[in-house]
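Dear colleague,

Please find below the structure that I am handing over to you, together with its sequence.

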Amino acid sequence: MLDWIANPKREVTVHNSFRLLVAGLLAALFTSFFTTAPALAAALAGSLLVSAPAQAQAQQKIKIGFISTFSGPQGVMGQYMKESVELALDHLGRKVGGLETEIIYGDDQFKPDVGVQVAEEMLKKHQVDFMSGIIWSNVMMAVVPVVTGAGKIMVGSNAGASPLAGAQCNELYFTTSWNNDQTPEAMGKYLQDKGVNDLYIISPNYQAGKDMVTGLKRYYKGRIVEEIYTKLGQQDYQAEITQLRSKNPKAVWAFLPGGMGIQFLKQYDQAGLRGQLPLYTSFTVDEISLPAVKDAALGIYKTRYWSPDLKNPANNKFVTDYKKKYGKLPVFYGTQSYDGILLIDSAVRAVKGNVKDVKGMVVAMRKANFNSVRGPFTYNVNHHPIQNFYLLRAEKQPSGDIEMKIQSTVFEKYKDSYYQDCKMKW
């Protein structure tokens with residue numbers, strides 16, 4: 001219309017009085033606008049300032065990539081982790097940090113190279129805001145540089161590779177589990193205090209397997225009759241059982257997690273060694289293996305930072321709701337995954353949903369400001385928990401079920417052995 005008024009030569013016939021009327025109306029409109037514009041602008045700006053954060057939060061959706069092993073004999077561990085993540089979301093109203101949340105699950109297939117491929121796809125295709133999960137230390141060692149290199153926070157929920165607790169610690173890497181050495185260190189102390197001698201050691205040949213043995217020997221100073229490293233994922237232990245018989249040890253210590261532990265425990269019992277040769281373990285007897293091996297686990301000891309019978313409100317709620325939802329006891333792989341989601345939730349809430357504020361979220365995570373199933377804990381300088389470790393024993397309950405029960409506290413507020421190699425300052 002403005003163009004039309006400015007062009008009287010346009011081939012349109014309009015009555016002069018109508019033309020004057022339109023011009024007068026436009027002049028009045030422009031005068032009114034420029035008179036009231038400052039007030040309108042101020043009001044509009046104020047409205048935007050008030051509503052912008054709420055709109056941004058309402059529209060924002062965060063994505064969490066969760067990597068674990070979901071296939072093969074070790075896939076049962078990943079399933080427990082996924083179930084615990086879903087329970088954490090239930091407890092948070094399906095919103096992490098108050099924001100709509102999508103969890104993208106990825107199967108590393110028990111392979112570091114596949115874990116890297118899955119992580120890269122989550123970062124590039126799905127554009128996740130956080131990464132979490134991972135059972136195996138060799139997979140974790142491969143994935144962490146990919147995630148932190150992309151400027152994203154990695155919350156490990158099982159694997160505790162020692163380099164990541166020491167010289168390779170990273171501001172963007174947190175764990176809700178432990179350093180690999182800590183659990184067997186607690187067992188080593190128990191065995192040393194008990195005066196156990198002539199120990200046979202069996203562990204898988206990979207990063208965590210070697211870390212576990214290192215941790216055990218840091219406190220256990222008795223005689224070791226044999227130290228055997230088996231193939232990762234091995235299912236047949238007849239040769240090792242025959243060999244340990246010939247060595248005539250006074251006791252056996254085993255680190256054989258997941259499906260490896262189930263097969264070893266069954267074969268150990270079938271060989272008639274249970275009750276004859278004391279078996280002490282780290283991550284071998286747990287809530288996954290107990291239903292499978294049943295009485296073959298009776299009386300076996302282990303050390304751990306958590307147990308279903310640990311008394312605190314957060315753990316009571318977690319165990320009760322997990323049993324109600326899934327009809328079984330949770331396992332520590334799941335508790336760590338559950339805590340990982342709550343840790344991320346605490347960070348997102350601290351920055352009021354601004355997940356671009358990575359530094360702010362790191363500061364918040366360092367406070368461990370959430371109700372952990374293990375009870376209150378603090379983070380060490382290397383972003384590893386300072387926490388208690390307990391001695392547990394497999395015992396038959398009145399119901400006939402076999403469960404792990406806490407016998408004593410081995411360490412209180414225990415720090416890992418590598419934090420002094422970490423160069424982070426905060």
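I begin with a pairing inside the sheet: Gly 65 stands opposite Met 131 in strand 4. Please bear in mind throughout that this is a predicted model.

Six of the eight residues of strand 1 are buried, so the strand is largely enclosed by the rest of the structure.

These strands are part of an open sheet of six strands with mixed pairing, in the order 2-3-1-4-5-6. The edges are taken by strand 2 (95-96) and strand 6; each has a single partner strand, so one side of each is left without a neighbour in the sheet.

By the rule applied, the count comes to one disulfide, and it joins Cys 169 to Cys 422 with an S to S distance of 2.1 Å. The pair links distant parts of the chain, 253 residues apart: Cys 169 lies in the loop between helix 6 (162-165) and strand 6 (173-175), whereas Cys 422 lies in the segment after strand 14 (402-414). The torsion about the S-S bond is about 90°, so the disulfide is right-handed. Both Cys 169 and Cys 422 are buried.

Among the helices, I would draw your attention to helix 13 (residues 332-350). Its 19 residues reach 27 Å from the first C-alpha to the last, close to the 27 Å expected at 1.5 Å a residue. Of those 19 residues, 17 are buried, so helix 13 is largely enclosed by the rest of the structure. Lys 352, which follows the helix, has a positive phi, near 55°.

The structure holds one cavity of 30 Å³ or more, and the volume of the largest cavity is about 100 Å³. Its lining comprises 17 residues, of which Ile 135, Asn 158, Trp 178, Tyr 206 and Phe 255 lie nearest the centre. Helix 8 (207-219) and helix 13 each supply at least two residues of this lining. By class, the lining of the cavity has 13 nonpolar and four polar residues, with no charged ones.

Two pockets complete the account. The largest pocket holds about 310 Å³ of space and is lined by 14 residues, with Pro 291, Leu 329, Asp 401, Ile 402 and Glu 403 nearest its centre. Strand 14 gives the most to this lining, with three residues, and helix 11 (289-293) supplies at least two. Six of the lining residues of the largest pocket are nonpolar, two are polar and six are charged.

The second largest pocket holds about 200 Å³. Helix 12 (313-326) and helix 13 each supply at least two residues of its lining. Among the residues that line this pocket are His 91, Lys 317, Tyr 338, Asp 345 and Phe 370. The lining of the second largest pocket divides into six nonpolar, two polar and two charged residues.

With kind regards

Methods. Residues are numbered from 1 along each chain as its sequence is written. This is a predicted model: local features need pLDDT of at least 70, side-chain atom pairs count only at pLDDT 80 or more; totals for chains, interfaces and linings use all residues. Side-chain values use heavy atoms; hydrogens and water are left out. A disulfide is a pair of cysteine sulfur atoms within 2.5 Å. Helices (H or I, at least four residues) and strands (E, at least two) are DSSP runs, numbered from the N terminus. Buried means under 20% relative accessible area, exposed over 50%, partly exposed in between (1.4 Å probe, protein chains only). The expected span of a helix is 1.5 Å times one less than its number of residues. On a 1 Å grid over the protein atoms alone, a cavity is a set of points where a 1.4 Å probe fits but cannot get out, and a pocket is an open set with protein on both sides within 12 Å along at least five of seven lines; lining residues have an atom within 4 Å of a point. Grid points are joined across faces, edges and corners, and a volume is the space filled by probe spheres set on the points. Ala, Val, Leu, Ile, Met, Phe, Trp, Tyr, Cys and Pro count as nonpolar, Asp, Glu, Lys and Arg as charged, and the others, Gly among them, as polar. Two strands pair if DSSP finds at least two bridges between them.
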